[in-house]
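This report concerns one protein model. Please look over the sequence and the structure before reading on.

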Amino acid sequence: MAENELRVGVIGVGMMGADHADRLVHRVAGARLVAVSDPDTARAAALAGRYDGVRSVDDPLALVADDEVDAVVIASPGFVHEEQVLACIAAGKYVLCEKPLTMDSESSLRVLRAEREAGKELIQVGFMRRFDPQYAQLQQLLASGDLGRTLLLHNTHRNKSVPNPEFRSEMIVRDSLVHEVDVARFMFGQEITTIQVLSPAPTSHACEGVVDPQVALFTMAGGGVVTNEVFVNCQVGYEVRCEAVSERGTAIAGRPQSGLYTTRVGEPAGSWGGTVDPDFIARFGLAYDLEFQAWVDATRRGEVVGATSWDGYASTAVCEAGMQSLASGQPVAVTLVDKETLT
Ligand code: ISE
């Protein structure tokens, strides 16, 4: 093992966790995947068997406590995050937890308080857009003041489809819009004070009773406004972008790049740009790689980078208000505790 190499355990090896495991093995320097855990123990064992020196551990809390695990990636479903993150804090281990931090603001607050009481920042929340080179560049541009004060953001977030018949309208707010919540806070450097979720007539491709697309409006603490379209059954592919409108100019992150101009006999007759990404793993692959590298480097230095537990708590609180607004159609105020005292 290289000196100071970070030994990482991954909890939850569904689509995202398996991708993260592969990332740790092949694309991140300074870390070594040593253990994986999943309620589907056969799936965990099969994944562990693919790599040298990786064990599968049935109990996720035993993985956290394992002496050979220095730091933990949590890619399990949101409803088990609280228990698993609290276990990491109790063990004094750094953790990269996929969003959402927890399912509601009360439980996120319990996590935040536990981390404060432990006296050391340990939690990074997996908001990967912060590491996408264009999103990061846009944030730096806005923070530099070159474009003047930021007035508006327009976010677009489209997924090809959600074939899951269990899918519910609230999941669009909690699992998809939550990314734009973090983007708005990141770009403005301010909290969101109100959220309103509008329910346009749904696409015929949505499951029965599901409101899709949704349009969410955020008001920022400084008075800026953010419009968000989230459309998870757009049928085409994965499209995510953010346009900022400032006093002296505008900028867009995530605009498709033009590519090779080709023509061909047959259908389609040719193309002049790239293709639309199929899903978030393709679209944000580089962002995830950069996020993981930053997490590993920071953990080895004993620091936390990216979205913190406060960011996780604040975004959960906004989504909670968003789910109320989805039900009523009315704007809902976001209430946060005092950041310094947590009261
Ligand atoms: C999923 O959970 C994600 O995090 C993706 O980034 C998002 O695009 C998708 O809508 C969510 O369901």
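The following paragraphs describe a pair of helices and then some backbone features.

The model is predicted, and local features need pLDDT of at least 70, side-chain atom pairs count only at pLDDT 80 or more, and totals for chains, interfaces and linings use all residues. Residues are numbered from 1 along each chain as its sequence is written, and side-chain values use heavy atoms, with hydrogens and water left out.

**The helix pair**

Helices (H or I, at least four residues) and strands (E, at least two) are DSSP runs, numbered from the N terminus. Helix H4 covers residues 81–91, and helix H5 covers 105–118. Two packed helices are described by the angle between their axes and the distance between the axes. For H4 and H5 the angle is about 5° and the axes are 10 Å apart. Axes are lines fitted to C-alpha atoms, for helices over the stretch in contact, and angles run from 0 to 180 degrees between N-to-C directions. H4 and H5 are therefore roughly parallel to each other, a term for angles under 35 degrees.

On the H4 side of the contact (heavy atoms within 4.5 Å) are Glu82, Val85, Leu86 and Ile89, which meet Ser107, Arg110, Val111, Ala114, Glu115 and Ala118 in H5. The residues of this contact divide into six nonpolar, one polar and three charged. Here Ala, Val, Leu, Ile, Met, Phe, Trp, Tyr, Cys and Pro count as nonpolar, Asp, Glu, Lys and Arg as charged, and the others, Gly among them, as polar.

Glu82 belongs to H4. Because its relative accessibility is 19%, Glu82 counts as buried; buried means under 20% relative accessible area, exposed over 50%, and partly exposed in between (1.4 Å probe, protein chains only). Not counting residues up to four places away in sequence, Glu82 touches Thr102, Ser107, Arg110 and Val111.

**Backbone features**

Most residues other than glycine have a negative phi, and most peptide bonds are trans.

| Cis peptide bond | Omega |
|---|---|
| Lys99 and Pro100 | about -5° |
| Asp212 and Pro213 | about 10° |

Pro100 lies in the loop between strand S5 (94–98) and helix H5. Pro213 is found in the loop between strand S8 (192–198) and strand S9 (214–220).

Gln235 has a positive phi, near 80°. Gln235 sits in the loop between strand S10 (225–231) and strand S11 (239–246), and is partly exposed, with a relative accessible area of 36%. Leu342 has a positive phi near 60°. Leu342 lies in the segment after strand S15 (332–333) and is buried, at 5% relative accessible area.

Key: Angles under 35 degrees count as roughly parallel, over 145 as roughly antiparallel, 65 to 115 as roughly perpendicular and the rest as oblique.
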